[in-house]
Number of protein chains: 2
Amino acid sequence: MTPQAADRPDTVVASRRSKITPEREQEFFDAVLEQIRECGYDAVTMEGVAASTRCSKSTLYRQWKTKPQFVAAALRSHRRVRFAGIDTGSLAEDLRQAARAAGEWSGKDTRLLQALGHAVMQDAELQQALREALVEPEIAALRQILERGVARGEVAADHPALEYVPAQMFGVLRVRPVVEGEYADADYLVRFVEAAVLPALGLT
Amino acid sequence: MTPQAADRPDTVVASRRSKITPEREQEFFDAVLEQIRECGYDAVTMEGVAASTRCSKSTLYRQWKTKPQFVAAALRSHRRVRFAGIDTGSLAEDLRQAARAAGEWSGKDTRLLQALGHAVMQDAELQQALREALVEPEIAALRQILERGVARGEVAADHPALEYVPAQMFGVLRVRPVVEGEYADADYLVRFVEAAVLPALGLT
DNA sequence: CTGACGTATCGGAACGGGAACGTATCGATG
DNA sequence: CATCGATACGTTCCCGTTCCGATACGTCAG
């Protein structure tokens, strides 16, 4: 169960009949995600991605059988946890930092989530890829922050507001564009945390 | 600037060479909105709407020039304020009632908002129709509830949590399906109001 | 180590198939 | 006699496939 040269034969063993370097692959992924953000999932075309990356449709279809699979692969490559590594020793400060981190999110991934929000209901693989890439890691990281606060005794483990914190953060993030017409930036989110989240948790 | 019979000549002046009664028209609107909820905006077809209402495509295109205009008309006909008429004399109770009202929202209009969320970025008329039909009236009604609470002295007019209440309500409403995998029902929203919103406003 | 050769992959382009928009025709009907 | 429903049509668009020449990688002889 410890394949070393077997599963990644490219860099060392070389050969690699595919001439697509990981960097090149990432260009494809970046391009399709960008087009999704701009035009929505349905409006994205393989031709468009091919054109914008100056590759051919054949190349894309050689690597991924179908458009949803291609998009799902792009999403999986996108997995990154932005709330990770936040641990200041204070729950209030952790949440402020999380808000700040989420603010940089704002434009890019919020639009992605928005654009894929409904397309996801049609394709199970897409659904799972989206959750695993953008939603669950962040939620889990946020819950960890809260649990550490509970462990330090800053909040009671059964405090009723606890369970709503992740939904609140993501909710405000996603909904401000609709309600106020502009994306939620770091400032807005930090103010929100201080005005609503912390007081609800009893952290003054 | 006060055309009365001119812009709505149908009901009273009647006759109207169009044989489409307002009830029939509403059937078209209901059908297209339902299909949008199920399949998303892009996947909705005029043929599908025609089939499901047993009318012909020609009939639809005689009344509305294009698909976005048709959908926009359907949205405009959908305008209904669900938070209106809430006035119990207590801010906390008003907010609980609003949460309950929003819970019935949940399935139908949340899915609609989700499905149109990105299509709206392409067509300005759609954008405006969606905001006027589903978003602004509810926000305005919610703000009125808050203002009455301020007027009664239940909350300070400059309480920092005030401005975030609408975004919080809508945010949690829209995001719970993504975070927890199920729609936000009335119970969930009322618990949320009591656990998070009211404490943040200092209403115990 | 070097240089030529075979071959698999690449990019380009064209193609078939299908779906949906929007138009047009036509008979039926009230 | 205008409007309805049905149907067929032209157009456009995109998915996914296929073919072809060009290119560059990997290999091996010298």
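The model is predicted, with local features needing pLDDT of at least 70, side-chain atom pairs counting only at pLDDT 80 or more, and totals for chains, interfaces and linings using all residues. Residues are numbered from 1 along each chain as its sequence is written, and chains are lettered from A and ligands numbered from 1 in the order in which they are written.

Helix α6 of chain B covers residues 124–151 (helices are DSSP runs of H or I, at least four residues, numbered from the N terminus). A kink of about 45° is centred on Glu132(B), the bend being the angle between axes fitted to the seven residues ending there and the seven starting there. Buried residues of α6(B) include Leu130(B), Leu134(B) and Leu142(B) (buried: 20 or more other C-beta atoms within 10 Å of the residue's own, with C-beta atoms placed from the backbone). The buried residues of α6(B) pack against α7 of chain A as well as α4, α5 and α7 of chain B. Just past the helix, Gly153(B) has a positive phi of about 85°.

The chains meet through 28 residues from chain A and 28 residues from chain B, contact requiring C-beta atoms, placed from the backbone, within 7 Å. On the chain A side, α7(A) gives the most, with 11 residues.

Within chain A, the axes of α4(A) and α6(A) come within 8 Å and cross at roughly 10° (axes are lines fitted to C-alpha atoms over the stretch in contact, and angles run from 0 to 180 degrees between N-to-C directions). The two helices are therefore roughly parallel, a label for angles under 35 degrees.

Methods. Buried ≥ 20, exposed ≤ 12 C-beta atoms within 10 Å, placed from the backbone. Contact = placed C-beta atoms within 7 Å. Parallel < 35°, antiparallel > 145°, perpendicular 65-115°, else oblique.
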